[in-house]
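Hello,

Here is the structure I promised to pass on to you. Please have a look at it first, and then read my notes below.

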Amino acid sequence: MLWTRNHQGGSVAWIEDNWGNLASAVGLGVSVIGFGIAIYQIRRSRAAAVAAREAAQEARAALARNLTIADLTRVRERIQSIKDLHVSQQWQRAWDRYQDIRELLVEIRTRHQNLTASQRRIIQNAIRQIRAMEEAVQTTLIDNSRPDMREFNQMLSNVQSTLIEAEIQLQQST
Amino acid sequence: MARVQMLNIASKLLERSRKGEVAWQKTVKDTEFIVSFPEYSFVIATIRYSDSEPDYELSLTDERGTKIESLVFRNSKEDGYQALEELFQSARRRALGIDRRLEKALKDLEQGGLIG
């Protein structure tokens, strides 16, 4: 009992004597913990910022892909309308539309930087195929002859198939 | 300068075509075949005027499909005429799948049994 009282008295005295040091030690501990928490929060917010940036980039890429696919689909639909003009032997009207399709394809290739070399080659090939068609129809219009509608439409079907191929590649590149 | 470059290109295209490494394609014109790259195309074409020997033309087109440079041979005595002629025939065979079909036909004929 006496020991306890003496001991307690000694402890209190020690605390009173070293109060400043104790407060410093506790303060240091609190500072270290606070610093750790701050580092953790900074890292977490940085990771969140990176994740947010990546999500935004992915969203932009997805939007660009969808716009490219929509444009390619639009070209395919226009090619379909040209095939209808071929069937009804409206060669002059078809000839008027070839250039629009080519311009649209050029625009797609210029506007959509997300296209791969393979997809750009598909577009280039389509442009040259349609240009050859334009030249051939021009000759027949001058000669007053009639082009082979089935051959022209087969070629346009091939072009449509390759554009679908490019669309599928884009869809799968997610 | 451009002619020298086109001659070099013709030589390289012929070399790669001989190895079957150029995917030539037909167009709606019977007399021309194309191969496309991402920003341009090459066109190999022939023009025949009545009884005279045919001309051969290798062209480079821009990204809009418009011819911007070409190499033409009109006389078989010219250096390079034979190369363009061979390039045209090679492109034609590849684009129309002639070699592939001939090989298939030979295999079919070598097999026994009823034909047709």
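**What I found**

In chain B, the mean positions of the 19 positive and 20 negative charges lie 4 Å apart. Lys and Arg were counted as positive and Asp and Glu as negative, leaving out His and the chain ends, and each charge was placed at NZ of Lys, CZ of Arg, CG of Asp or CD of Glu.

A word on conventions: this is a predicted model, in which local features need pLDDT of at least 70 and side-chain atom pairs count only at pLDDT 80 or more, while totals for chains, interfaces and linings use all residues. Residues are numbered from 1 along each chain as its sequence is written, chains are lettered from A and ligands numbered from 1 in the order in which they are written, and side-chain values use heavy atoms, without hydrogens and water.

*Chain B overall*

Chain B has three helices and five strands, in the order α-β-β-β-β-β-α-α along the sequence. These are DSSP runs numbered from the N terminus (helices: H or I, at least four residues; strands: E, at least two). Its C-alpha atoms fill a box of roughly 60 × 35 × 25 Å along the principal axes. The accessible surface of chain B is about 7,300 Å², with 51% belonging to carbon and sulfur atoms; areas come from the Shrake-Rupley method with a 1.4 Å probe, and for residues only the protein chains shown count as cover.

Of the 116 residues in chain B, 35% are buried. Buried means under 20% relative accessible area, exposed means over 50%, and partly exposed is in between (1.4 Å probe, protein chains only). Taking contacts in chain B (heavy atoms within 4.5 Å) between residues at least 6 apart in sequence, 40% join residues at least 24 apart.

B:I44 sits in strand β3 (residues 41-47) of chain B and counts as buried because its relative accessible area is 0%.

*Charged groups*

Side chains of opposite charge can pair when their charged atoms come close. The count is 20 salt bridges over all chains, each being a side-chain nitrogen of Lys or Arg within 4 Å of a carboxyl oxygen of Asp or Glu. Here are some of them:

- A:E58 pairs with A:R65, with 3.2 Å between the closest N and O atoms. A:E58 is partly exposed at 40% relative accessibility, whereas A:R65 is buried at 10%.
- B:R93 pairs with B:D99 at 3.3 Å, N to O. B:R93 is partly exposed at 33%, and B:D99 is partly exposed at 37%.
- B:K104 pairs with B:D108, the closest N and O atoms being 3.1 Å apart. B:K104 and B:D108 both lie in helix α3 (residues 98-110) of chain B, four residues apart, about one turn of the helix.

Salt bridges that share partners also join A:R128, A:R131, A:E135, B:K29 and B:E32 into one network.

Finally, B:K26, B:R94, B:R100 and B:R101 form a positive surface patch. Such patches take residues with over 30% relative accessible area and no salt bridge, joining like charges within 9 Å and nonpolar side chains (Val, Leu, Ile, Met, Phe, Trp, Tyr) within 5 Å. B:K26 lies in strand β1 (residues 25-26) of chain B and is partly exposed at 40% relative accessibility.

Best wishes
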